[in-house]
Amino acid sequence: MPSRQHDHHRPNDANQPAPGQDYESHSPTPELCAAGQCATRILASPVVTANTPADTRSVRYAIDKMDCPTEERLIRNKLDGMAGVVRLDFNLMARELTVHHTLLDSAGIINALNTIGMGPRELDQNRPSNQEPASPAVPRKTLWLLGASGVMAIGAEISAWAIGTESSPWIAALALLSILAGGLPTLRKGWIALNNFTLNINFLMSVAALGAIAIGQWPEAAIVIFLFALAEVIEALSLDRARHAIRNLMAIAPETALVRDGDDVWQEVEATTVRTGQVVRVKPGERVPLDGVITTGQSSVNQAPITGESMPVTKAPGDTVFAGTINENGLFEFQVSSDYRHTTLSRIVAAVQDAQAQRAPTQRFVDNFARYYTPAVVVLALLVAVIPPLVVGALWSIWIYKALVLLVIACPCALVVSTPVTVVSGLAAAARHGILIKGGVYLEEGRKLKTVAFDKTGTLTEGKPVITDIIPLQQQDSDDVLRLAASLDENTNHPVARAIVQHWKQRKDKIALLPVTQFELLAGRGVSGEINGRRYDIGNHRLIEERGICNPALEQVLDRLEQQGKTVVILASDATPLAIFGVADTLRETSREAVAALRKFGVHPVMLTGDNSLTAQAIARSVGIEDARGQLLPEDKLAAITELQQRGPVGMVGDGINDAPALAKANIGFAMGAAGTDTALETADVALMDDDLRKLPDFIRLSHQTARILTQNITLALGIKVVFFGLALAGKATLWMAVFADMGASLLVVFNGLRLLNIFDDKRK
C-alpha cells in the first residue's frame with residue numbers, strides 16, 4: 001500500500017494549523033477547539049476522573065482461574081472496598097486484572113486475591129496482553145480426576161438403580177469418592193463465596209450437592225458435581241478458542257530478525273532487542289519482524305494479516321512494511337521505524353484488548369440484570385423449600401429437592417458469558433479482516449447507522465491528484481506561474497499542493513524554487529506568502545471570492561473546469577488573478593461498490609468536502625451519492641454532522657485526524673488507511689486498515705450479525721431457565737437435568753458466539 005501523504009497532527013495541537021490543511025482544510029480551527037468540539041476518542045488512554053488521586057499506580061495480574069464473570073464478581077466483592085484501591089479493570093478473555101491503587105506496595109492486593117483462591121501472577125506492564133506465556137486451559141491432572149469422578153458417579157447411579165436404593169454404604173462411599181475426585185475445586189470455591197457473601201454458581205452447586213446428600217440422594221449429588229465439572233472443562237476449552245483468536249494476532253510476527261551490525265555482518269537476534277534505525281533483511285517467504293521503511297530491494301508483500309487486503313502489494317525503496325506481513329518473492333532490507341512494542345501489529349492487538357475490556361451496551365444490561373436476578377431466584381428457592389411444608393404440610397424432602405433444582409438452574413452463567421464471547425469473537429474477526437473496532441459499543445451500534453458522511457480527498461478518491469490544466473491569465477509564461485505556485489505550495493503537504501510541486505519538479509527539476517517569506521496558512525482556503533517582496537495568494541474558489549477579485553471571465557473558466565469534476569486552484573497577486581490550475585483526483589475503484597452496498601443496508605451516503613460544489617457534485621455522481629456538499633470549512637462539516645444526526649446515528653469517514661471535529665461529533669468515526677498511522681489508530685472509533693472502502697459495509701454486516709447472535713444467546717439462556725423453572729415446580733426436573741440444562745446453555749451460547757470468528761472466511765477465498 002502506498003504511503004499516505006497527509007500530515008497528521010493531534011487534536012491538542014489544533015491551535016497550530018497542520019501542514020496540508022489549506023485548500024480543503026480538515027483541521028479544527030482554534031475557535032472550535034476552544035469550544036471543546038474537536039475532542040477525540042482515544043481508547044487506549046487510561047480513564048482519569050476528577051476523583052482519581054494524582055499518585056495512582058497500576059499493577060497487572062494474570063489470573064488463570066478467572067474464566068467467567070463468576071470470578072470477576074468474587075474479585076470485585078473482595079477488592080472494591082479495600083483501602084487504597086481506586087479502580088479495577090478486567091479482561092476475562094485474557095484472564096487479566098489491572099488494579100489501580102495508591103498503596104505503597106501491592107502485597108495487600110496479592111494477599112487478598114490469594115484468600116479467594118485466585119493465585120495472581122504479576123505481569124510486565126509494558127507487554128501487551130496475550131503476549132505472556134499462556135497456561136493450559138485445563139491441566140492434565142484435572143482431566144484425569146474428572147475421568148475418575150465420572151466413572152464413580154455413573155457407577156453409583158447404576159448401582160442404585162440395580163439394587164433399588166440410593167443410601168447404602170457402598171453407594172454413598174462411591175458417590176463420596178466421585179465428589180472428592182471431581183468436585184473439591186467446586187466445593188472450595190463455594191466455601192470461599194460463602195465467606196465473601198457472594199452468590200455465584202460454585203456456591204449454588206455446592207448447596208445443591210450438599211442438599212442432595214442431606215436428603216439421601218447420594219448418586220444424584222455425585223452426578224451433579226461431575227456434570228458441572230465436565231461442563232466447566234468444556235467451557236474453559238471453548239473460551240480458550242476466543243482467547244487464541246486474539247493471541248494469534250500477535251503470534252504472526254516472527255520472534256527473530258536478521259540484523260546488520262556495524263561491520264556489515266548479518267546476525268539473527270530476538271526481535272524484541274532490535275532498536276529503531278537498525279537495518280533488517282527479509283528473505284523470500286519470511287514474515288517481516290518489525291515496522292520499517294525499505295532501503296534496498298523490492299518484493300510483493302502479503303499485507304492481509306494487517307490490512308486484510310486479498311492481493312499482495314508491491315514494495316520498493318521508500319515504502320513502508322509492517323510487522324507480521326509476508327515477503328512473497330524478493331529479498332529486501334528495511335530500516336526499523338518502530339520497536340516491537342510500538343509496531344502497527346502491537347497497537348492493533350492492544351486496541352482489541354482494550355476494546356474487549358470495555359462493556360458493550362448489551363453486556364452492561366446483562367450484568368445489571370444478573371446482579372438482581374440471582375438473589376431473587378435464591379429467595380424464590382428458599383420460599384419453595386419452606387412455604388409448602390409449613391403451610392400445607394407437604395413433605396420437606398420433596399420441596400427441598402425442588403428448591404435445589406431451582407438453585408442450580410438459577411445461575412446466570414450462560415446469560416452473562418454469552419455477551420463477552422460474542423463481542424470478542426466479532427472484534428477478533430474484524431481485526432483479522434483489516435477492520436479495527438475500538439470497543440463493543442461501536443460493534444453493536446454500527447447496525448443503527450442511518451447516514452454515512454464521506455470526506456472526498458483520500459477517502460472516495462485516491463488523494464493523489466495530478467495537474468491537468470495550467471491557464472495563465474496575464475502576460476506570463478506557464479512555467480513562470482507554475483514556479484510561483486510550486487514555491488508557495490512547497491511549504492504544505494496537502495495533496496493538491498503536492499501535485500503542483502510534483503508537476504514543477506517533473507518539468508523543471510534542476511531549476512530551484514523561489515524563497516517564500518511571511519508564509520501563512522489560510523484554513524479551508526489556501527496559502528499566502530511573499531516572493532521577492534510581492535504578496536501572492538494561491539487557493540480555492542472561496543479564497544478568490546473573499547479577496548473580491550472574481551470577474552465574469554474568470555468565473556466562466558472556473559465553471560468549465562469544475563463541471564468537469566476538477567479542483568481549481570487560483571494564483572493571485574495584488575488583487576489580480578495570475579493563473580488557474582486544474583487538478584483532477586482519481587476515484588478509488590472500491591468507492592462505487594461500497595456506496596452501493598451501504599444503500600442495501602438502508603444507509604444514506606453523503607459527501608462533505610472543502611472542494612468546490614461543482615467538483616463535489618461531479619465526484620458524487622460518479623460514485624452514486626446524491627447528497628454532496630462542497631466548500632465546507634471544518635465548522636461547516638461539524639454543523640452538517642449535527643444536522644444529519646436529526647435523522648439518526650451518523651458515521652463519518654475521513655483520514656482519522658484531519659476531520660477531527662466531524663469525526664468526534666459523529667456517532668462512529670471511521671479512519672481510512674490507518675495502517676502505520678498512530679493518530680488514526682488512536683482517534684477513530686473504527687479504523688479501516690487499508691484504503692478499501694468495502695470494509696465499511698463489511699463492518700455494518702458484522703454489526704448486524706453480532707446483534708442477531710446476542711439476541712439469540714440471551715433468548716436461549718433465558719428461555720431454558722423459564723422452561724426448567726416450570727419443570728422444577730411441577731416436579732418433573734431432576735438435579736442432574738438442571739445442571740445439564742444450565743451448563744449446556746452456557747456451552748451453546750459460547751459456540752454460537754464463536755461463529756462470528758468465521759464471518760469473513762468467504763472474503764478470503
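Modeller: A nonpolar core is a set of buried Ala, Val, Leu, Ile, Met, Phe, Trp, Tyr and Cys residues joined through side-chain atoms within 4.5 Å. Keep in mind that this is a predicted model.

Colleague: Which residues have the most contacts inside the largest nonpolar core?

Modeller: They are M205, V405, V408, L735 and V739, in a core of 59 residues. Met, Val and Leu are on the list of residue types for a core. Buried means under 20% relative accessible area, so every member falls below that cut-off.

Colleague: Which helices each supply at least two residues of this core?

Modeller: They are α4 (140-163), α5 (169-195), α6 (201-214), α7 (218-251), α10 (361-392), α11 (396-410), α24 and α25 (735-754). Helix α7 gives the most, with 13 residues.

Colleague: What does L735 touch?

Modeller: L735 touches A208, A212, E220, V224, Y401, L404, V405 and V408. Residues up to four places away in sequence are not counted. Each of these has heavy atoms within 4.5 Å of L735.

Colleague: What lies apart from that core?

Modeller: Another core, of 52 residues. Among its members are L587, V653, I668 and L756.

Colleague: What makes up the contact of α19 with α24?

Modeller: A594, A597 and L598 come from α19. L696, P697 and I700 come from α24. Ala, Leu, Pro and Ile count as nonpolar, so the contact divides into 6 nonpolar, no polar and no charged.

Colleague: Why do β6 and β11 stand at the edges?

Modeller: The open sheet has 6 strands, in the order β6-β5-β7-β13-β8-β11, with antiparallel pairing. β6 (266-270) and β11 (320-321) each have a single partner strand, so one side of each is left without a neighbour in the sheet.

Colleague: How do you know that β7 and β13 pair?

Modeller: Two strands pair if DSSP finds at least two bridges between them. Strand β7 (residues 279-282) and strand β13 (residues 332-336) have 4 bridges, so they qualify, in the antiparallel sense. V282 stands opposite F332 in β13.

Colleague: What joins β9 to β12?

Modeller: There are 2 bridges, and the strands run antiparallel. At least two are needed, so the pair qualifies. In β12 (residues 326-327), the bridge partner of N302 is I326. Strand β9 (residues 299-302) is also joined to β10 (residues 313-315), by 3 bridges.

Key: Residues numbered from 1 in each chain as written. Predicted model: local features only at pLDDT ≥ 70, side-chain atom pairs only at ≥ 80, totals over all residues. Heavy atoms only, no water. Buried < 20%, exposed > 50% of the residue type's maximum accessible area, 1.4 Å probe, protein only.
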